[in-house]
Amino acid sequence: MMRRLLLVVVVMVVAAGCQKSRRAITETRTPLSIGDAQVDLVVYATDTPGLTYISLHDNEQTSVEAALAIIRQRGGRVIELQHTGERNITFSLGDSIYVFDPNRMFTDAGVQRTLDGLSRFTPDAHAAVRAFAEAVLAFYELPTLEAVITLHNNTEDNYSALRYVAGAEYEQDAAAVFIREGTDPDDFFFVTDTALFEALRAEGFNAVLQDNAQATDDGSLSVYCGQEGIPYINAEAQHGHLEPQIRMLQALADVLGLKRET
Ligand SMILES: [Zn+2]
(Lines give C-alpha, C1' and ligand atoms only; values in the text may rest on other atoms or scores of the structure.)
Protein backbone atom coordinates (compact mmCIF):
# COMPACT_ATOMS: atom_id res chain seq x y z
CA MET A 1 0.00 0.00 0.00
CA MET A 2 2.72 2.42 0.99
CA ARG A 3 4.55 1.87 -2.29
CA ARG A 4 1.54 3.19 -4.09
CA LEU A 5 1.77 6.44 -2.23
CA LEU A 6 2.98 9.25 -4.38
CA LEU A 7 5.36 11.12 -2.20
CA VAL A 8 5.43 14.81 -2.78
CA VAL A 9 7.73 16.68 -0.52
CA VAL A 10 7.07 20.29 0.05
CA VAL A 11 9.57 21.65 2.47
CA MET A 12 9.00 25.03 3.88
CA VAL A 13 9.97 26.72 7.04
CA VAL A 14 6.74 27.15 8.95
CA ALA A 15 8.31 28.90 11.86
CA ALA A 16 11.92 29.87 12.06
CA GLY A 17 11.26 31.59 15.36
CA CYS A 18 13.25 34.38 16.84
CA GLN A 19 14.00 32.68 20.15
CA LYS A 20 16.92 30.31 20.28
CA SER A 21 14.87 27.64 22.06
CA ARG A 22 12.26 27.53 19.30
CA ARG A 23 12.98 24.82 16.77
CA ALA A 24 12.29 25.22 13.06
CA ILE A 25 9.55 23.04 11.62
CA THR A 26 9.53 21.51 8.13
CA GLU A 27 6.32 20.41 6.42
CA THR A 28 6.03 17.26 4.29
CA ARG A 29 2.82 16.42 2.44
CA THR A 30 1.94 12.89 1.25
CA PRO A 31 -1.31 12.49 -0.69
CA LEU A 32 -3.35 9.36 -0.03
CA SER A 33 -6.42 8.60 -2.11
CA ILE A 34 -9.70 6.96 -1.19
CA GLY A 35 -12.21 6.57 -4.03
CA ASP A 36 -12.05 9.87 -5.90
CA ALA A 37 -10.99 11.86 -2.81
CA GLN A 38 -7.55 12.87 -1.69
CA VAL A 39 -6.40 13.19 1.89
CA ASP A 40 -3.02 14.71 2.61
CA LEU A 41 -0.93 13.23 5.39
CA VAL A 42 0.93 16.32 6.55
CA VAL A 43 3.98 15.89 8.75
CA TYR A 44 5.35 18.84 10.70
CA ALA A 45 8.79 17.79 11.88
CA THR A 46 11.64 19.26 13.84
CA ASP A 47 15.22 18.02 13.53
CA THR A 48 15.13 16.87 17.18
CA PRO A 49 13.82 13.42 18.15
CA GLY A 50 10.75 13.52 20.36
CA LEU A 51 7.14 12.47 20.64
CA THR A 52 4.82 11.95 17.65
CA TYR A 53 1.35 13.54 17.81
CA ILE A 54 -1.46 12.71 15.40
CA SER A 55 -4.56 14.70 14.47
CA LEU A 56 -7.33 12.78 12.69
CA HIS A 57 -10.09 15.41 12.54
CA ASP A 58 -9.38 18.23 10.10
CA ASN A 59 -11.64 20.73 11.93
CA GLU A 60 -9.80 20.56 15.29
CA GLN A 61 -7.06 23.09 14.67
CA THR A 62 -6.51 24.33 18.23
CA SER A 63 -5.04 20.93 19.09
CA VAL A 64 -2.65 21.06 16.12
CA GLU A 65 -1.52 24.57 17.09
CA ALA A 66 -0.90 23.39 20.65
CA ALA A 67 1.18 20.43 19.44
CA LEU A 68 3.20 22.66 17.08
CA ALA A 69 4.02 24.89 20.05
CA ILE A 70 5.22 21.83 21.98
CA ILE A 71 7.45 20.44 19.22
CA ARG A 72 9.02 23.90 18.78
CA GLN A 73 9.96 23.69 22.48
CA ARG A 74 10.82 20.01 22.79
CA GLY A 75 11.28 18.47 19.37
CA GLY A 76 9.23 15.65 17.81
CA ARG A 77 6.64 15.77 15.05
CA VAL A 78 2.96 16.24 14.35
CA ILE A 79 1.02 14.25 11.73
CA GLU A 80 -2.24 15.74 10.49
CA LEU A 81 -4.90 14.40 8.09
CA GLN A 82 -5.87 17.29 5.82
CA HIS A 83 -8.68 17.31 3.26
CA THR A 84 -11.64 19.70 3.40
CA GLY A 85 -11.36 21.21 6.85
CA GLU A 86 -14.31 19.05 7.91
CA ARG A 87 -14.37 16.36 10.58
CA ASN A 88 -15.55 13.57 8.28
CA ILE A 89 -14.14 12.32 4.96
CA THR A 90 -16.40 12.12 1.89
CA PHE A 91 -15.50 10.05 -1.18
CA SER A 92 -17.16 8.61 -4.29
CA LEU A 93 -16.89 5.03 -5.43
CA GLY A 94 -18.71 4.20 -8.67
CA ASP A 95 -21.94 6.21 -8.62
CA SER A 96 -22.21 6.42 -4.84
CA ILE A 97 -21.02 8.95 -2.29
CA TYR A 98 -19.83 7.74 1.11
CA VAL A 99 -18.96 9.52 4.34
CA PHE A 100 -16.98 8.22 7.31
CA ASP A 101 -15.36 9.49 10.49
CA PRO A 102 -11.56 9.00 10.30
CA ASN A 103 -11.51 8.20 14.02
CA ARG A 104 -13.97 5.32 13.48
CA MET A 105 -12.04 3.43 10.81
CA PHE A 106 -9.61 1.24 12.77
CA THR A 107 -11.80 -1.88 13.23
CA ASP A 108 -14.26 -3.68 10.93
CA ALA A 109 -17.19 -3.07 13.28
CA GLY A 110 -16.30 0.62 13.51
CA VAL A 111 -16.17 1.08 9.74
CA GLN A 112 -19.55 -0.60 9.34
CA ARG A 113 -21.08 1.70 11.99
CA THR A 114 -19.59 4.92 10.68
CA LEU A 115 -20.55 4.20 7.04
CA ASP A 116 -24.06 3.18 8.16
CA GLY A 117 -24.47 6.20 10.39
CA LEU A 118 -23.08 8.88 8.05
CA SER A 119 -23.98 7.48 4.60
CA ARG A 120 -24.48 3.78 3.91
CA PHE A 121 -22.56 0.53 4.18
CA THR A 122 -21.44 -1.48 1.16
CA PRO A 123 -18.68 -4.13 1.06
CA ASP A 124 -16.72 -2.04 -1.48
CA ALA A 125 -16.88 1.11 0.64
CA HIS A 126 -15.93 -0.92 3.72
CA ALA A 127 -12.87 -2.33 1.92
CA ALA A 128 -11.85 1.14 0.73
CA VAL A 129 -12.06 2.64 4.24
CA ARG A 130 -10.20 -0.28 5.84
CA ALA A 131 -7.42 0.00 3.23
CA PHE A 132 -7.21 3.74 3.91
CA ALA A 133 -6.98 3.09 7.69
CA GLU A 134 -4.19 0.54 7.20
CA ALA A 135 -2.30 2.99 5.00
CA VAL A 136 -2.59 5.69 7.68
CA LEU A 137 -1.34 3.29 10.37
CA ALA A 138 1.57 2.16 8.14
CA PHE A 139 2.51 5.79 7.44
CA TYR A 140 2.31 6.52 11.16
CA GLU A 141 4.83 3.69 11.84
CA LEU A 142 2.85 2.62 14.89
CA PRO A 143 5.14 -0.26 16.00
CA THR A 144 8.07 2.16 16.38
CA LEU A 145 6.21 4.47 18.77
CA GLU A 146 6.23 4.08 22.53
CA ALA A 147 2.75 5.54 22.79
CA VAL A 148 0.00 6.81 20.53
CA ILE A 149 -0.73 10.47 21.24
CA THR A 150 -3.79 11.89 19.55
CA LEU A 151 -5.04 15.47 19.43
CA HIS A 152 -8.72 16.42 19.59
CA ASN A 153 -10.93 19.42 20.26
CA ASN A 154 -14.55 19.44 21.41
CA THR A 155 -17.21 22.09 21.83
CA GLU A 156 -18.66 23.51 25.04
CA ASP A 157 -21.32 21.27 26.61
CA ASN A 158 -20.91 18.61 23.95
CA TYR A 159 -18.32 15.84 24.47
CA SER A 160 -16.42 15.99 27.79
CA ALA A 161 -15.10 13.86 30.67
CA LEU A 162 -18.58 14.17 32.22
CA ARG A 163 -19.88 11.70 29.61
CA TYR A 164 -17.97 8.94 31.43
CA VAL A 165 -19.10 9.44 35.03
CA ALA A 166 -21.56 7.09 36.75
CA GLY A 167 -24.99 7.29 35.12
CA ALA A 168 -23.74 9.09 31.99
CA GLU A 169 -23.87 7.96 28.38
CA TYR A 170 -20.41 6.36 28.16
CA GLU A 171 -20.11 5.09 31.73
CA GLN A 172 -19.53 1.52 30.48
CA ASP A 173 -16.54 2.60 28.37
CA ALA A 174 -14.57 3.96 31.35
CA ALA A 175 -12.73 2.09 34.09
CA ALA A 176 -11.99 5.29 36.04
CA VAL A 177 -12.70 9.01 35.78
CA PHE A 178 -11.00 11.92 37.52
CA ILE A 179 -12.39 15.44 37.25
CA ARG A 180 -10.67 18.01 39.42
CA GLU A 181 -12.98 20.41 41.19
CA GLY A 182 -13.10 23.86 39.65
CA THR A 183 -11.75 22.76 36.25
CA ASP A 184 -13.42 22.57 32.83
CA PRO A 185 -14.31 18.91 32.08
CA ASP A 186 -14.01 19.69 28.35
CA ASP A 187 -10.23 19.65 28.87
CA PHE A 188 -9.17 16.10 29.71
CA PHE A 189 -6.93 13.18 28.86
CA PHE A 190 -8.45 9.93 27.61
CA VAL A 191 -6.01 7.03 28.07
CA THR A 192 -5.82 3.23 27.79
CA ASP A 193 -3.08 2.73 30.37
CA THR A 194 -3.54 2.75 34.17
CA ALA A 195 -0.06 4.09 34.95
CA LEU A 196 -0.58 7.03 32.58
CA PHE A 197 -4.01 7.71 34.08
CA GLU A 198 -2.54 7.81 37.59
CA ALA A 199 0.43 9.96 36.54
CA LEU A 200 -1.75 12.56 34.79
CA ARG A 201 -4.27 12.61 37.63
CA ALA A 202 -1.38 13.13 40.08
CA GLU A 203 -0.41 16.22 38.06
CA GLY A 204 -3.94 17.55 38.59
CA PHE A 205 -5.29 16.98 35.08
CA ASN A 206 -8.74 15.63 34.28
CA ALA A 207 -8.46 12.08 32.97
CA VAL A 208 -10.57 9.15 31.82
CA LEU A 209 -9.21 5.59 31.76
CA GLN A 210 -10.78 3.47 29.03
CA ASP A 211 -12.14 0.08 30.09
CA ASN A 212 -10.23 -1.84 27.44
CA ALA A 213 -12.25 -5.04 27.95
CA GLN A 214 -15.69 -3.42 27.86
CA ALA A 215 -15.33 -0.34 25.66
CA THR A 216 -17.79 -0.23 22.77
CA ASP A 217 -16.04 -1.21 19.53
CA ASP A 218 -16.63 2.03 17.65
CA GLY A 219 -13.48 1.71 15.50
CA SER A 220 -11.75 4.65 17.19
CA LEU A 221 -7.98 4.66 17.64
CA SER A 222 -8.42 4.31 21.42
CA VAL A 223 -10.40 1.09 20.98
CA TYR A 224 -7.84 -0.25 18.47
CA CYS A 225 -4.97 0.54 20.89
CA GLY A 226 -6.94 -0.98 23.79
CA GLN A 227 -7.37 -4.19 21.80
CA GLU A 228 -3.70 -4.25 20.75
CA GLY A 229 -2.30 -3.32 24.18
CA ILE A 230 -0.72 -0.11 22.90
CA PRO A 231 -0.50 2.81 25.37
CA TYR A 232 -2.78 5.54 24.00
CA ILE A 233 -3.31 9.13 25.11
CA ASN A 234 -5.84 11.55 23.69
CA ALA A 235 -5.17 15.13 24.81
CA GLU A 236 -8.64 16.59 24.33
CA ALA A 237 -9.58 20.24 24.92
CA GLN A 238 -12.33 22.64 24.03
CA HIS A 239 -11.94 24.51 20.72
CA GLY A 240 -9.94 27.68 21.37
CA HIS A 241 -8.43 26.44 24.65
CA LEU A 242 -4.93 26.82 23.24
CA GLU A 243 -3.08 27.62 26.47
CA PRO A 244 -4.79 24.85 28.50
CA GLN A 245 -4.06 22.35 25.73
CA ILE A 246 -0.39 23.43 25.58
CA ARG A 247 -0.17 22.93 29.36
CA MET A 248 -1.69 19.46 28.97
CA LEU A 249 0.85 18.51 26.30
CA GLN A 250 3.73 19.88 28.39
CA ALA A 251 2.60 17.77 31.34
CA LEU A 252 2.21 14.73 29.12
CA ALA A 253 5.74 15.13 27.72
CA ASP A 254 7.04 15.33 31.30
CA VAL A 255 5.07 12.25 32.35
CA LEU A 256 6.24 10.21 29.34
CA GLY A 257 9.82 11.40 29.93
CA LEU A 258 9.68 10.23 33.53
CA LYS A 259 8.06 6.97 32.51
CA ARG A 260 10.88 6.31 30.06
CA GLU A 261 13.50 6.73 32.79
CA THR A 262 11.92 4.28 35.20
ZN1 LIG B 1 -11.63 14.79 17.18
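Where is Thr-155 found? In this predicted model, Thr-155 sits in the loop that runs between strand E7 (148–154) and strand E8 (174–178).

**Thr-155 and its surroundings**

Is Thr-155 buried or exposed? Thr-155 has 11 C-beta neighbours inside 10 Å, so it counts as exposed. Once the neighbours within four places in sequence are left aside, the contacts of Thr-155 are with Gln-238 and His-239. Another residue to look at from here is Asp-186: it is 31 residues from Thr-155 along the chain, and the two C-alpha atoms are separated by 7.7 Å.

**The loop between H3 and E7**

Two glutamates are worth a visit here. Glu-141 lies in the loop between H3 and E7, and Glu-146 lies in the loop between H3 and E7 as well. Glu-141 is exposed, with 10 other C-beta atoms within 10 Å. Its backbone deserves a glance too, for Glu-141 is not a glycine and yet has a positive phi of about 55 degrees. Glu-146 is likewise exposed, with 12 other C-beta atoms within 10 Å; a residue counts as exposed at 12 or fewer. What separates Glu-146 and Ile-230 in sequence and in space? They are 84 residues apart in sequence and 8.1 Å apart in space, taken C-alpha to C-alpha.

| Pair | Apart along the chain | C-alpha separation |
|---|---|---|
| Thr-155 and Asp-186 | 31 residues | 7.7 Å |
| Glu-146 and Ile-230 | 84 residues | 8.1 Å |
| Leu-196 and Arg-104 | 92 residues | 23 Å |

Which residues of helix H2 are buried? In H2 (residues 108–118) they are Gly-110, Val-111, Thr-114 and Leu-115. Viewed down the axis of H2, these buried residues fall within an arc of 125 degrees, so they line one face of the helix. Strand E6 (96–100) and helix H3 (123–140) are included in what covers the buried residues of H2.

How do H2 and H3 meet? Their axes come within 10 Å and cross at roughly 120 degrees, which makes H2 oblique to H3. The crossing in which H2 passes H3 is right-handed. On the H2 side, the contact is made by Asp-108, Val-111, Gln-112 and Leu-115, while H3 brings Ala-125, His-126, Val-129 and Arg-130.

**Helix H4 and Leu-196**

The buried residues of helix H4 (residues 194–202) are Leu-196, Phe-197, Ala-199 and Leu-200. After H4 comes Gly-204, with a positive phi near 90 degrees.

Leu-196 has its place in helix H4. With 21 other C-beta atoms within 10 Å, Leu-196 is buried. What is Leu-196 in contact with, leaving aside its neighbours within four places in sequence? The partners are Val-191, Pro-231, Ile-233 and Val-255. Arg-104, by contrast, lies 92 residues from Leu-196 along the chain, with 23 Å between their C-alpha atoms.

Definitions and conventions: Residues numbered from 1 in each chain as written. Predicted model: local features only at pLDDT ≥ 70, side-chain atom pairs only at ≥ 80, totals over all residues. Buried ≥ 20, exposed ≤ 12 C-beta atoms within 10 Å, placed from the backbone. Helix = DSSP H or I, 4+ residues; strand = E, 2+ residues; numbered from the N terminus. Arc of directions from axis to C-beta. Contact = placed C-beta atoms within 7 Å. Axes fitted to C-alpha atoms, helices over the stretch in contact; angles between N-to-C directions. Parallel < 35°, antiparallel > 145°, perpendicular 65-115°, else oblique. Left-handed = near helix turned anticlockwise from the far one by under 90°.
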